[in-house]
Amino acid sequence: MKSFTMMLAAVAIAATSTASFAAASKSTKPKTPESIECSKQADAKGLHGKDRVKFRAQCKKELKGKSSAASSATTTPPPATEKSSTAPAPAKTGN
């Protein structure tokens with residue numbers, strides 16, 4: 001009877017640790033807009049398996065390239081103006 005109880009306890013511990021490990025290993029990263037759009041396109045084409053994975057990878061690559069090019073064009077800072085080093089600094093007043 002003791003061995004049965006010990007075996008039952010071991011099985012219970014193994015079951016709970018496996019369930020918590022599986023829950024911890026699944027990451028729920030938020031999906032990017034590119035990922036969602038590419039999934040919709042893959043669904044529309046009826047793609048599954050390796051074909052879907054390849055399509056989504058290429059699609060996300062293209063969409064990220066377009067969005068980064070558009071964002072870099074709008075967020076590029078204006079060129080810095082050169083300051084003349086020949087002009088004297090303003091004099092300090094004694095007030």
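## Phe55 and its contacts

Phe55 touches Cys38, Gln41, Ala42, Lys45 and Leu47, leaving aside its neighbours within four places in sequence. The model behind this picture is predicted. Phe55 sits in helix H3. Its relative accessibility is 18%, so Phe55 counts as buried; the cut-off for buried is under 20%.

Phe55 and Cys38 are 17 residues apart in sequence. In space, their C-alpha atoms are 8.0 Å apart.

## The disulfide

How many disulfides does a search of the whole structure find? The search finds 1. The disulfide joins Cys38 to Cys59, with an S to S distance of 2.1 Å. This pair links distant parts of the chain, 21 residues apart. Cys38 belongs to helix H2, which covers residues 33-45. Cys59 belongs to helix H3.

Both Cys38 and Cys59 are buried. The torsion about their S-S bond is about -85 degrees, so the disulfide is left-handed.

Arg56 lies in helix H3, which spans residues 49-75. Leaving aside neighbours within four places in sequence, Arg56 is in contact with Ser35, Cys38, Ser39 and Ala42. Cys38 and Ala42 are also among the contacts of Phe55.

Is Arg56 buried or exposed? Arg56 is buried, yet it has no salt bridge. The nearest side chain of opposite charge is Asp43, 7.6 Å away. A salt bridge needs a distance within 4 Å.

Technical notes. Residues numbered from 1 in each chain as written. Predicted model: local features only at pLDDT ≥ 70, side-chain atom pairs only at ≥ 80, totals over all residues. Heavy atoms only, no water. Helix = DSSP H or I, 4+ residues; strand = E, 2+ residues; numbered from the N terminus. Buried < 20%, exposed > 50% of the residue type's maximum accessible area, 1.4 Å probe, protein only. Lys, Arg positive; Asp, Glu negative; His and termini not counted. Contact = heavy atoms within 4.5 Å. Disulfide = S-S within 2.5 Å.
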